[in-house]
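Have the sequence and the model open side by side. We will go from a single residue out to the whole chain, and then across to its partner.

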Amino acid sequence: MRRDRRELLLRIMALDFTALELNLYLDTHPRDARALEDYNKVTQELFTLRQEYQERYGPLIHFGHGFSKYPWQWIEEPWPWEMTF
Amino acid sequence: MWLYEKKLQYPVRVSGPNPWLAKNIITQYGGPDGELSASLRYLTQRYTMPIPEAKGTLTDIGTEELAHMEIVAALVYNLIKDAPLEQIKAHGMDGYYADHDRALYFVDATGNPWTATYIQSKGDPITDLYENMAAEEKARSTYEWLINLSDDPLVTEALRFLRMREIVHFQRFGETLRLVQEWADRKKIY
């Protein structure tokens, strides 16, 4: 995998993890307004970065959550277990 | 409904083929305290949870465990995919090879297949949440024993990440248990 692609993916992975951690915390602290603000901020950043990645490399999420160019990009390798970091 | 995101939760790297390490790590794929057990335990208990916080926590942690199952699978896959047969034999993975070649299968470190008896779903939310807190601690211990065994520093990095997640889940289940206990107390009063 090319360096610029790997770097963009690693940034998405880091933000995804932040969103997941905030999500789990909010599940048991639904009235923590500061955590909620952070969650929405990270979600916005993720939305932008995911769009950038998907425009360049195809869908990151299937079933209608990302556009594909021709031919169908979803099946393009590498799959996650084949990626070298 | 579930969605697949075409990336790992944590970037997996291995130093090279190592069937011996794969044979031990695979217990977190299909062993009693492994990620399949964890995911299915939470995703099946969530239906009878009484409060929204508990339904959310079990859904989300159960989903994260699937991502952990994928990390463990990626570790095992990369540790055995280029291993020559001689190494597979020398590392004691020949029995596994006889049944599965280099494919992934749900077994523990000594080859026992996964079984539904690894999980519990009792219907009493307090019972289930105690079960889950114990399960997270057992998984944390297993990751610690695997870290002690590991002779590949890159694999150890991923094992440390997974160990850390067990601690966070234990914390979240503890909070969920408190919320369910408060809910149960309120029910008694009114």
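Is Tyr118(B) buried, partly exposed or exposed? To answer, count the C-beta atoms around it. This is a predicted model, so the count comes from predicted coordinates. A residue counts as buried if 20 or more other C-beta atoms lie within 10 Å of its own, and as exposed if 12 or fewer do. Tyr118(B) has 19 other C-beta atoms within 10 Å, so it is partly exposed.

Now place this tyrosine. Tyr118(B) sits in the loop between helix 6 and helix 7 of chain B. Leaving aside residues up to four places away in sequence, Tyr118(B) touches Pro32(B) and Ser37(B). Arg41(B) is 77 residues away along the chain, but its C-alpha atom is separated from that of Tyr118(B) by 8.5 Å.

Ser37(B) and Arg41(B) lead us to helix 3. Both are among the buried residues of helix 3 of chain B. This helix covers residues 35-45 and is mostly covered, with eight of its eleven residues buried. What lies over them? The cover for these buried residues includes helix 2 (27-30), helix 4 and helix 7 of chain B.

Step back to the whole of chain B. Chain B has eight helices and zero strands. Read from the N terminus, its elements run α-α-α-α-α-α-α-α. The radius of gyration is 18 Å, close to the 16 Å that the globule rule gives for 190 residues, so chain B is as compact as a globular protein of that length. Its C-alpha trace spans about 70 × 30 × 30 Å along the principal axes. Of its 190 residues, 43% count as buried. Now take the contacts between residues at least 6 apart in sequence. In chain B, 78% of these join residues at least 24 apart.

The loop that holds Tyr118(B) has another residue to check. Asp101(B) is found in the loop between helix 6 (94-100) and helix 7 (125-149) of chain B. Most residues other than glycine have a negative phi. Asp101(B) is not a glycine, yet its phi is positive, at about 55°. How many other C-beta atoms lie within 10 Å of Asp101(B)? There are 10, so Asp101(B) is exposed.

Next, the partner chain. In all, 24 residues of chain B are in contact with 19 residues of chain A. Which helix of chain B gives the most to the side that touches chain A? Helix 4 does, with ten residues. Helix 4 (52-80) and helix 8 (153-189) each supply at least two residues of that side. By class, the side of chain B that touches chain A has ten nonpolar, four polar and ten charged residues.

Two packed helices are described by the angle between their axes and the distance between the axes. Here the axes of helix 1 (residues 3-28) of chain A and helix 4 of chain B come within 8 Å and cross at roughly 155°. Angles over 145 degrees count as roughly antiparallel. Helix 1 of chain A and helix 4 of chain B are therefore roughly antiparallel to each other. Their crossing is left-handed. From helix 1 of chain A, the contact uses Leu20(A), Asn23(A), Leu24(A), Asp27(A) and Thr28(A). From helix 4 of chain B come Glu53(B), Gly56(B), Thr57(B), Asp60(B), Ile61(B) and Glu64(B). By class, this contact has three nonpolar, four polar and four charged residues.

Finish with the backbone of chain A. Phe63(A) is found in the segment after helix 2 of chain A. Its phi is near 55°, a positive value in a residue other than glycine. Phe63(A) has 11 other C-beta atoms within 10 Å, so it is exposed.

Pro71(A) is also placed in the segment after helix 2 (33-57) of chain A. Most peptide bonds are trans. The bond joining Tyr70(A) and Pro71(A) is cis, with omega about -10°. A cis peptide bond also joins Glu77(A) and Pro78(A), with omega about 5°. Pro78(A) has its place in the segment after helix 2 of chain A.

Note on methods
Residues numbered from 1 in each chain as written. Chains lettered and ligands numbered in written order. Predicted model: local features only at pLDDT ≥ 70, side-chain atom pairs only at ≥ 80, totals over all residues. Helix = DSSP H or I, 4+ residues; strand = E, 2+ residues; numbered from the N terminus. Rg over C-alpha atoms; globule rule 2.2 N^0.38 Å. Contact = placed C-beta atoms within 7 Å. Nonpolar A, V, L, I, M, F, W, Y, C, P; charged D, E, K, R; others polar. Axes fitted to C-alpha atoms, helices over the stretch in contact; angles between N-to-C directions. Parallel < 35°, antiparallel > 145°, perpendicular 65-115°, else oblique. Left-handed = near helix turned anticlockwise from the far one by under 90°.
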